Amino acid sequence: MSNASISLGGFLSFKKTFNSIQIALKNGLVESGHDISSGGMITCLLEMCFVSDNIGLNIDLSQIKEQDVVKVLFSENHGLIIKADKKIESLLKTKNINFYNLGTCEKSNFINIKKDSFYHLDLGV
């Protein structure tokens with residue numbers, strides 16, 4: 001057991017994000033999603049590709065301020081990655097929910113990850 005607890009602000013932020021994603025799901029804006037936790041973002045991205053053959057990703061981490069790509073990919077912070085219709089961005093903005101557009105899916109067996117025009121990983125899946 002930890003002595004730390006989630007703050008009221010953290011809880012309210014979680015609730016707002018959860019409810020907004022539920023709205024997006026009901027409106028058909030979300031195609032798929034996966035949580036970021038154990039294993040970090042890299043595990044989340046890989047597991048999203050393992051669902052079916054011939055699913056690849058082009059990921060651009062340039063919007064993320066942290067410069068250490070290993071820290072970005074492997075830190076086990078809570079989060080969510082979703083494949084969604086572009087319309088979801090306006091919903092998230094109106095709810096003041098921070099998000100990043102990380103990239104695109106493609107028909108391939110590769111995950112390409114870059115940050116600031118430098119490719120860090122071309123990984124066959």
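Predicted model: local features only at pLDDT ≥ 70, side-chain atom pairs only at ≥ 80, totals over all residues.
**Entry 1: helix α2**

I started with α2 and asked how enclosed it is: 8 of its 11 residues are buried, so the rest of the structure largely encloses this helix. Buried here means under 20% relative accessible area, exposed means over 50%, and partly exposed is in between (1.4 Å probe, protein chains only). I listed the buried residues of α2 as Gly40, Met41, Ile42, Cys44, Leu45, Leu46, Met48 and Cys49. Phe50 also belongs to this helix, which covers residues 40-50, but Phe50 counts as exposed because its relative accessibility is 56%.

Residues are numbered from 1 along each chain as its sequence is written, and side-chain values use heavy atoms, with hydrogens and water left out.

The pLDDT is the predictor's confidence in each residue, from 0 to 100. For the protein I found a mean of 87, with 88% of residues at 70 or more.

**Entry 2: the overall layout**

I counted 4 helices and 6 strands. Helices (H or I, at least four residues) and strands (E, at least two) are DSSP runs, numbered from the N terminus. Starting at the N terminus, their order is α-β-α-β-α-β-α-β-β-β. Among contacts with a separation of 6 or more, 73% join residues 24 or more positions apart. Of the 125 residues, 28% count as buried. The protein exposes about 8600 Å², and carbon and sulfur atoms supply 55% of that area. These areas come from the Shrake-Rupley method with a 1.4 Å probe; for residues, only the protein chains shown count as cover.

**Entry 3: the cysteines**

How many disulfides does the model have? The count is 0, taking a disulfide as a pair of cysteine sulfur atoms within 2.5 Å. I checked Cys49: the closest cysteine sulfur, in Cys105, is 7.0 Å from its own, which is too far for a bond. Are these two residues buried or exposed? Cys49 is buried, at 3% relative accessible area, whereas Cys105 is partly exposed, at 37%.

**Entry 4: helix α1**

Next I went to α1 (residues 8-26), where Ser20 sits. Ser20 counts as buried, since its relative accessibility is 2%. Its side chain reaches the backbone oxygen of Lys16 at 2.8 Å. That is a polar contact: a pair of N or O atoms within 3.5 Å, where, within protein, one must be able to donate a hydrogen and the other to accept it, and residues adjacent in sequence count only if both atoms are side-chain atoms. Leaving out residues up to four places away in sequence, Ser20 touches Leu91, Lys95 and Ile97.

I also looked for aromatic pairs and got 1. Phe14 and Phe18 have ring centres 6.2 Å apart and planes at 20°, so the pair is stacked. The rule covers rings of Phe, Tyr and Trp (its six-membered ring) with centres within 6.5 Å; planes under 30 degrees apart count as stacked, over 60 as edge-to-face and the rest as tilted. Phe14 and Phe18 are 4 residues apart in α1, about one helical turn. Phe14 is exposed at 53%, and Phe18 is partly exposed at 43%.

**Entry 5: three asparagines in loops**

Asn77 lies in the loop between α3 (69-74) and β3 (79-84) and is exposed, at 52% relative accessible area. Beyond its neighbours within four places in sequence, Asn77 is in contact with Ile36 and Ser37. The C-alpha atoms of Asn77 and Gly40 are separated by 6.9 Å, though 37 residues apart along the chain.

For the other two I checked phi. Most residues other than glycine have a negative phi. Asn54 has a positive one, near 65°, in the loop between α2 and β2 (56-60). Asn96 has a positive phi too, about 55°, in the loop between α4 and β4 (103-106). Asn54 is partly exposed at 36%, and Asn96 is exposed at 63%.

Technical notes: Contact = heavy atoms within 4.5 Å.
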